[in-house]
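Subject: The structure for you to look at

Hi,

Here is the structure I promised to pass on. Please open it alongside this note, and I will go through what turned up.

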Amino acid sequence: MIKFRLQIKYALVLVFITMLIVSQSHASNFEKSLDKLLILSGLNDQLEQFPELMKRGMGDARDQSSGLSDSANALVLASIDQTILSSEIIDSIRDALRNDLSAVEAEQLLAWYESDLGKKFTSAEADSSGIDAESKILALEERLLANKERMDFAKRFDKLLGATDMNIELQKHSSIAIFSALMTAAHPEREIDISPFASQIVILSEQSRPIVEKDVMLSFIYAYQDIETNKLEKYETFLNQNSTKKFNTIVIESMSAAIEKSISKWATSLASIFQHKGATAL
């Protein structure tokens, strides 16, 4: 009788260990699926460019303001490298996807991104966001905007992907952060209340929505100009799937929160830098 009980206990332990291994295996496979999604969807590449975009924005702001010296500018750019890390933003998005996306939904998304058509669209989108694409788009602007059928597709894609909304959010966060950096550099001896200016930046960002939306439309039409209409329809069907909508919502919300957190760290870093450097930073 004792021996029988021991056998049962031993069997239960084996079952528990087996279930644990299977569970860990499923978790490992899910993690791999999420990593693939971030890569194949182009999110990794886009987010890795974000710190450089912040530096370019800082450069544009400096060109319009004579208040930042070379030494102060070097400190600002160095602080971007130290606090606005694309890896942290990507990790935040991955965590959000892990918590809110199911393994089945991840596989449905991967089926698209691993397909030839999915790769075609991702590649086209990457090409339209390259450094040399802007001048090409501007040169073709009139012709691109005249294509009503493609414009209608672009509007629907924008709504489904939330591209304009995301660009407006990034514009708000980066503009507030850059303004904060300039004010901190100009007045390192005291804490600057930028809330009134932040409110104005939010208003100005919203006022720029038609311009941002137009740029997004041009980018979409340019990206898909060589893709047949029936394939655009298949892409729209994919974007309308519940799993895709859920994926895009999770990405946008977690990305916005992660970027806001990174920029907050950057502002804190700048305040510390300039308070220690004092007026010599200018």
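In this predicted model, helix 10 (residues 148-161) packs with helix 13 (residues 209-223) at an angle of about 115°, and their axes are 9 Å apart. Angles of 65 to 115 degrees count as roughly perpendicular, so helix 10 and helix 13 are roughly perpendicular to each other. Their crossing is right-handed.

Sorted by class, the contact of helix 10 with helix 13 has eight nonpolar residues and four charged ones, with no polar residues.

The other pair to look at is helix 3 (residues 50-63) with helix 4 (residues 70-83): their axes come within 9 Å and cross at roughly 160°. Since angles over 145 degrees count as roughly antiparallel, helix 3 and helix 4 are therefore roughly antiparallel to each other. Helix 3 passes helix 4 in a crossing that is right-handed. On the helix 3 side, the contact is made by Pro51, Met54, Lys55, Met58 and Arg62, and on the helix 4 side by Asp70, Asn73, Val76, Leu77, Ile80 and Asp81. By class, the residues of the contact of helix 3 with helix 4 are six nonpolar, four charged and one polar.

Now a single residue. Serine 128 is found in helix 7, which covers residues 116-128. Is serine 128 buried or exposed? Its relative accessible area is 9%, and buried means under 20%, so serine 128 is buried. Which residues is serine 128 in contact with, leaving aside its neighbours within four places in sequence? They are Ala133, Ile137, Ser219, Tyr222 and Ala223.

Finally, some totals for the protein. There are 15 helices and zero strands. Of the 282 residues, 40% are buried. Taking contacts between residues at least 6 apart in sequence, 88% join residues at least 24 apart. The protein exposes about 16100 Å², and 56% of that is supplied by carbon and sulfur atoms.

Best wishes

Conventions:
Residues numbered from 1 in each chain as written. Predicted model: local features only at pLDDT ≥ 70, side-chain atom pairs only at ≥ 80, totals over all residues. Heavy atoms only, no water. Axes fitted to C-alpha atoms, helices over the stretch in contact; angles between N-to-C directions. Helix = DSSP H or I, 4+ residues; strand = E, 2+ residues; numbered from the N terminus. Parallel < 35°, antiparallel > 145°, perpendicular 65-115°, else oblique. Left-handed = near helix turned anticlockwise from the far one by under 90°. Nonpolar A, V, L, I, M, F, W, Y, C, P; charged D, E, K, R; others polar. Contact = heavy atoms within 4.5 Å. Buried < 20%, exposed > 50% of the residue type's maximum accessible area, 1.4 Å probe, protein only. Areas by Shrake-Rupley, 256 points an atom, 1.4 Å probe, with all protein chains shown as cover.
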